[in-house]
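This report describes a structure with attention to contacts between its parts, helix packing and strand pairing. The sequence and coordinates are shown first.

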Amino acid sequence: MSVLAVRQLSKAFGGVRAVNDVSFAIGAGEFLAMIGPNGAGKSTCFNMINGQLAPDSGAILLGDRNIAGMAPRAIWRLGVGRTFQVAATFASMTVVENVQMALLSYAGDLYRLWRPAAALHRARALELLAQVGMQDAADRPSRELAYGDVKRVELAIALANEPRLLLMDEPTAGMAPRERNDLIKLVKQLVLERGISVLFTEHSMDVVFSFADRIIVLARGRLIADGNAAAIRENTQVREVYFGTGKTFADGTSQGAAP
Amino acid sequence: MTLDSLLFQAINGLSSASGLFFIAVGLSLIFGVTRIINLAHGSLYMMGTYIAYSFATKIGGVIGFWGGILATAIIVGCIGALIEILLLRRIYRAPELFQLLATFALVLVFNDMTHWIWGSEDLLGPRAPGLAGSVELLGRRLPSYDLFLALAGPVVLLILHFTLKLTRFGRLIRAATQDREMVGALGVNQAVLFTSVFALGAALAGLGGALQVAREPATLATDLIALGDAFVVVVVGGMGSITGAYLAAVIIAEVKALCIGIGVVNLGGISVNFSKFTLVAEFLVMAIVLIVRPYGLLGKPQGAVRSIAEPEEPIRAATPMLKLLAAVVLGLLLFLPVLAQSSPYLMILGIDVLIAVIFATSLHFIMGPGGMHSFGHAAYFGLGAYGAALLVKWLAVPMGFALAAAPLVALAGALLFGWFAVRLSGVYLAMLTLAFAQIVWAAVFQWEGFTGGSNGVIGVWPKPPFNQGWAFFLLTLALATVAVLVLRRVLFAPFGYAMRAGRDSPLRAEAIGIDVKRIHWLAFAIAGCICGVAGGLFAFAKGSISPESIHVGRSIDGLVMVLLGGIQTLTGPIVGASVFALLQDTIMRQTEYWRALLGAVILVLVLAFPSGIVGAFSNLWRRWRGAS
């Protein structure tokens, strides 16, 4: 059974159909990449799954539960972790406190008014930091970290609620090529160990084609292809969208008034 | 009440609406372009009335009156330009809170300046030459000047509307209101644009004030009243929208006129005097609009709130050094009653300082770690103080009971107001909290039968042994210590961390399951509750409580205390409150012009020590340690 199934998802902004009747599913432990040119509807699709946007129509099934339109924090409680395109931390906290924050939330400790937070879940937070290679920076103010390290801390935070599904919006945006591969390798290793499914968007085709188990392609709000790397590489529609054949323009003019 | 009298009040309302519009539209234009809420706008309006009075009486005649009104608008416009050039240019990049405080400092300075030039007597100008008579309308006599004012508003609205639409200057204002970075990038001279918009807004306020000269006396209380009204109008109408400003001005003025028109009504055997509810009605309109349309009737959502304040250091448990210092201070305070045997005033001073510490620490709790800049913390102080005092007055409860009830009354108020407040952020939150505080103040002021109105509640004296200074001091010390330690403890607990997470990044906090609004709402309630303790103690310490001591000035005092100590440190508010209360009780009481002095202190603080006393010291300490 699939971990996440998206059914006929649609969302329009004014007259623009940003996401139009999109359906796909992610299997257990699958590493699924969502690609497409700028404006294809990736972010909109992503933000509907993580709860930041409510879809106009369609269903988002997590297991057998429809999470469409739920608040981000409710979706998180159901076992969906996420990372952001522009990574950042809670700037007034240390690195380990950032991870502890997520653990406190997960354990339902947020409304405790008396016991100092510093000692709560610290061991588990250090363990998570060790897994992303950041244990040495645990007690540094998180705002001093380099960008690549912020991405790692964010990953540790995303794993704190032991998610079934991890949503990663451009996990390697803003990173150098070497860093990029290291981070994705780390992600892949961590999710394999835990059997977590991952849905990620990505602009770097190197990363997508070398790491994704399966790839879905969006263009102008529609899902145009779904398959493994080899199939996507051969798909003519995908080629058109990415490299252009001139045909898309020909289509456009034939619909227009020009003779 | 007849339909005629209602209609008559409605026309009367339109002439008030023009006055509201003149001041609000300037505030709105300035905010649109510079993103600064000019708290001194009410002062410009007030000075307009005074300057026009001088023209009308010193020169006199048609030229003195009508020419004087025009000259006033130009003079106040020039004052506005000077404010922009000398002060605001230095703080465009500062955090919002500092901009608000800097312009509030001007309110204090201008008030004392006006006092110094024109004295404290109310000054009524002459009748307007040519419009001194009245018009017969619906069997009543309506002054022709009121009719003229009712028309002046729409005329200025049309002129402004076409100026914005058709001229290059107008296009620049509209462009800058939408995206001022872009306007800068396109090569527009921003300095000139900002100065001229500020001058225009100030001139409109001056014109509005000047036009009142034949209608209402010039008084020193006008500045804050006009500012409060303008806030309501701008928030209801929508920031940056001039049509919205006029629409809102009409609504507010009509609601007030309606309240007066309805007058005393018998509701189920109880006679209710609606004309006493004008202030409450005005702020209720605002609260409702903010809930239904958070950006006002014709306003658009503003861009994300900038946070350019330096990110703060992670909080650390108290070092042994700090603990030792705290113990020494506490020890000295316990010893203070012995010293006070020779000078009893020391106890009064000590109690004032400790009450200020509770007040400022509770405000800092939501301002610093919560990131909610409340401009209405006096509300919870007032609820605590009046809660305790009224229990004593009406039910004759013992002091202990009244002191225990004070925080609960404040808690109830904070739960109610906080629920609305946490839905907004930035300047909107500042304005809404201010509006709620004004509601509390207005209710207390206008509900004479229950609260004693402007006289307040008297005879709230503590019972033995606390009627002796030293005993009440020790009680206050005990409660202040508990309050400070409890708030500190909460900040180090998971709840405090969740508060800061919600402030640092609401988006990320929500993404790890934190209900930011709920956390901030409860934080608001906790702060209000603790602030109620300060209010209860205050009522017993002074033996009385009056509306004056819970006015907007107290909210601002709280902000100054927190900033004086440094908003990013946990010990800051304690130091800030102590220094401020000591200054207030000693130096400021010595001079008639303490407002100007306080204003100067705020300006120095904002321009020279943006991180406060404790912040400045810890920066120095860090630099010194870094060097060695």
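In this predicted model, five residues of domain 1 of chain B are in contact with seven residues of domain 2 of chain B. On the side of domain 1 of chain B that touches domain 2, four residues are nonpolar, none is polar and one is charged. Domain 1 of chain B comprises residues 44-126 together with 145-220, while domain 2 covers residues 350-564. Between the C-alpha centres of these two domains of chain B the distance is 35 Å.

Helix packing in chain B is described next. Helix H21 (residues 516-542) of chain B packs with helix H15 (residues 399-421) of chain B and also with helix H14 (residues 378-395) of chain B. The geometry of both pairs is listed below.

| Helix pair | Angle between directions | Distance between axes |
|---|---|---|
| H15(B) and H21(B) | about 145 degrees | 7 Å |
| H14(B) and H21(B) | about 50 degrees | 6 Å |

With an angle of about 50 degrees to H21(B), H14(B) is therefore classed as oblique to that helix. The crossing of H14(B) and H21(B) is right-handed, and a right-handed crossing is likewise found for H15(B) and H21(B). The contact of H15(B) with H21(B) involves 21 nonpolar and six polar residues, with no charged residue. For H14(B) and H21(B), the contact residues include Gly382(B), Gly384(B) and Gly387(B) on the H14(B) side and Gly528(B), Gly532(B), Gly535(B) and Gly536(B) on the H21(B) side. Among the other residues in this contact are Tyr380(B) and Phe381(B) from H14(B), and Phe538(B) and Phe540(B) from H21(B). Sorted by class, the contact of H14(B) with H21(B) has twelve nonpolar, seven polar and no charged residues.

Chain A contains an open sheet of six strands, arranged in the order E6-E7-E8-E3-E9-E10 with mixed pairing. Strand E6 (80-83) and strand E10 (222-227) of chain A each have a single partner strand, so one side of each edge strand lacks a neighbour in the sheet. From one strand to the next, the twist averages 15 degrees. Within this sheet, strand E3 (residues 31-35) of chain A runs parallel to strand E8 (residues 197-201) of chain A, and four bridges join the two. Met34(A) has Thr201(A) of E8(A) opposite to it. Helix H1 (residues 42-49) of chain A packs on the sheet and touches E3, strand E7 (165-169), E8 and strand E9 (214-219) of chain A. The direction of H1 makes about 145 degrees with that of E7(A).

Further strand pairing in chain A involves strand E1 (residues 2-13) and strand E4 (residues 57-62), which run antiparallel and are joined by five bridges. Arg7(A) has Ala59(A) in E4(A) as its bridge partner. E4(A) is also joined by two bridges to strand E5 (residues 65-66) of chain A, again in an antiparallel arrangement. Here Leu61(A) is bridged to Asn66(A) in E5(A). The hairpin of E4(A) and E5(A) has two residues between its strands, and Gly63(A) adopts a positive phi near 65 degrees in this hairpin.

The two chains also meet: 30 residues of chain A are in contact with 24 residues of chain B. Helix H2 (72-77) and helix H3 (95-106) of chain A each provide at least two residues of the side of chain A that touches chain B. H3(A) contributes the most to that side, with six residues. By class, the side of chain A that touches chain B holds 19 nonpolar, three polar and eight charged residues.

Key. Residues numbered from 1 in each chain as written. Chains lettered and ligands numbered in written order. Predicted model: local features only at pLDDT ≥ 70, side-chain atom pairs only at ≥ 80, totals over all residues. Nonpolar A, V, L, I, M, F, W, Y, C, P; charged D, E, K, R; others polar. Pairing = 2+ DSSP bridges. Axes fitted to C-alpha atoms, helices over the stretch in contact; angles between N-to-C directions. Left-handed = near helix turned anticlockwise from the far one by under 90°. Parallel < 35°, antiparallel > 145°, perpendicular 65-115°, else oblique. Domains from an automatic or database assignment.
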